[in-house]
Every structure is written in structure tokens, then in C-alpha cells.
Amino acid sequence: MTVLSSPRPAVIDRALRDARAWCAGHTIDDRPALVHAVRVAVTIGEHVPAPPREVIAAALLHDAPDLAPTTMDVYQVLTTGYGPEVARIIAALQAEHSALDEPDPPIRVGDQPVLLASTADKIVALTSLLRRARTTGDVTGFFARRPVLCGLLPHFRAFQQAAHPRVPASMSAHLHAVLARLEQATAIAASGLR
């Protein structure tokens with residue numbers, strides 16, 4: 001049974017409904033944005049027995065600040081509809097995403113709810129990236145055209161190592177495996193450019 005199986009707690013139903021509305025017409029990793037949100041929530045459920053409802057709701061809604069109508073105060077809506085913990089987790093994930101555009105982004109692993117959602121988000125996003133690379137038929141070229149992403153791989157590896165003792169072993173192993181495949185693919189791409 002997954003975290004999104006019926007019957008679901010009302011807060012998860014509400015989060016799924018709002019995610020569906022806010023994700024409509026948007027894509028993430030060349031797929032509907034809702035697919036990404038649901039995969040993040042399901043990934044948490046695959047690795048965390050009885051995950052907190054707030055973490056699952058936050059996972060479903062974690063891209064809301066980027067996708068919800070700009071006419072609304074999304075954090076006020078999230079706080080009112082889901083409570084301060086869901087809004088706090090989403091704000092922390094947004095700050096983490098923004099920091100990736102800066103040199104030497106910080107690695108924070110002390111906040112368990114954020115850490116679970118962040119780790120699941122990385123697993124889903126990086127797995128999707130590998131899938132997209134394979135579908136092009138030119139994995140080496142795909143990664144050669146993405147030097148910024150390749151430059152972030154050491155950060156993601158450092159995150160995985162820092163998170164390892166703080167997340168379920170299966171979740172850490174899942175992120176490790178995805179990163180190992182990415183590191184192998186990007187090493188081949190880098191060697192082809194020399």
C-alpha cells in the first residue's frame with residue numbers, strides 16, 4: 001500500500017487536489033508537474049514507514065511557490081490550508097532549490113521532515129534526468145550539454161553522504177545508486193570532451 005492509496009487522510013486528499021490544480025499546464029523534467037509531485041510523495045512512502053502526513057502533503061505541494069497563480073500569497077494559503085509545518089517544509093525546499101544557483105550551496109541535514117522530502121525530490125529528479133538522457137539515444141551528448149548540472153554532482157554526492165546516517169538506509173542507497181549512474185554517465189561525457 002502506498003501513501004496515496006485510498007482511503008487517504010483528508011489532508012493528503014486536499015494536497016493532491018491542490019497540487020493537481022496548481023500543476024495543471026506545467027511540466028517538470030518533460031512530464032506533467034503533477035507526475036513529479038506524486039513521485040516525490042510515493043518515494044517517501046517507499047522508504048519511510050508511516051511517514052508524517054505533513055511531509056507527504058509538503059511533497060505533493062513542494063513546487064507550489066513556482067506553479068501557483070502569482071495573484072495569491074502561496075505561503076499564506078499553505079499555512080491556512082495545511083498548517084505552518086507544511087509551509088515551513090516547502091519554504092525550506094524552495095530555499096534549497098534557489099541555493100543551487102549560488103556557488104558552493106550549503107548542505108543542511110538537521111531538519112528531518114525537510115531532509116526526507118529533499119532526498120526524495122533528488123531521487124525523483126535525478127532518476128528522471130537519467131531517463132531523459134537515455135531516451136535521446138545520446139547519453140554522452142546529453143550530459144556534455146549540461147555542464148552546470150555536471151558541476152552540481154559533487155554537491156549532490158556530499159548531500160547524500162551527509163544525509164546517509166539520518167535517512168532510512170534504503171532511501172540513502174536509492175540516492176547513492178542514482179548518483180553512481182549519473183557519475184558514470186557524466187564521466188564518460190567528460191572524457192569524450194578531452
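User: Why is Arg132 called buried?

Analyst: Buried means under 20% relative accessible area, exposed over 50%, and partly exposed in between, with a 1.4 Å probe and protein chains only. Arg132 has a relative accessibility of 16%, so Arg132 counts as buried. This is a predicted model, in which local features need pLDDT of at least 70 and side-chain atom pairs count only at pLDDT 80 or more, while totals for chains, interfaces and linings use all residues. Residues are numbered from 1 along each chain as its sequence is written, and side-chain values use heavy atoms, with hydrogens and water left out.

User: What makes Arg132 and Asp29 a salt bridge?

Analyst: A salt bridge is a side-chain nitrogen of Lys or Arg within 4 Å of a carboxyl oxygen of Asp or Glu. The closest N and O atoms of Arg132 and Asp29 are 3.6 Å apart, and the pair forms a salt bridge. Arg132 lies in helix α7 (residues 112-136) and Asp29 in the loop between β1 (27-28) and β2 (31-32), so the pair ties together parts that are 103 residues apart in sequence. Helices (H or I, at least four residues) and strands (E, at least two) are DSSP runs, numbered from the N terminus. Asp29, Asp30 and Arg132 are linked in a network of salt bridges.

User: How many salt bridges does this rule give?

Analyst: The count is eight salt bridges. Among them is Arg88 with Asp111, whose closest N and O atoms are 2.3 Å apart. This pair links distant parts of the chain, with Arg88 in helix α6 (residues 84-99) and Asp111 in the loop between α6 and α7, 23 residues apart. Another pair is Glu183 with Arg157, with 2.9 Å between the closest N and O atoms. Glu183 is in helix α10 (residues 169-193) and Arg157 in helix α9 (residues 147-163), 26 residues apart.

User: Why are α2 and α3 called roughly antiparallel?

Analyst: Angles under 35 degrees count as roughly parallel, over 145 as roughly antiparallel, 65 to 115 as roughly perpendicular and the rest as oblique. Axes are lines fitted to C-alpha atoms, for helices over the stretch in contact, and angles run from 0 to 180 degrees between N-to-C directions. The axes of α2 (residues 33-47) and α3 (residues 53-61) cross at roughly 155 degrees and come within 7 Å. The two helices are therefore roughly antiparallel to each other.

User: What makes α6 and α7 oblique?

Analyst: Their axes cross at roughly 50 degrees and come within 10 Å. α6 and α7 are therefore oblique to each other.

User: Which residues make the contact between α2 and α3?

Analyst: Contact means heavy atoms within 4.5 Å. Ala37, Val38, Val40, Ala41 and Ile44 in α2 meet Val55, Ile56, Ala59 and Leu60 in α3.

User: How do you know that Val178 is buried?

Analyst: Val178 has a relative accessible area of 0%, so Val178 is buried. The residue is in helix α10. Leaving aside neighbours within four places in sequence, Val178 is in contact with Leu126, Thr127 and Leu130.
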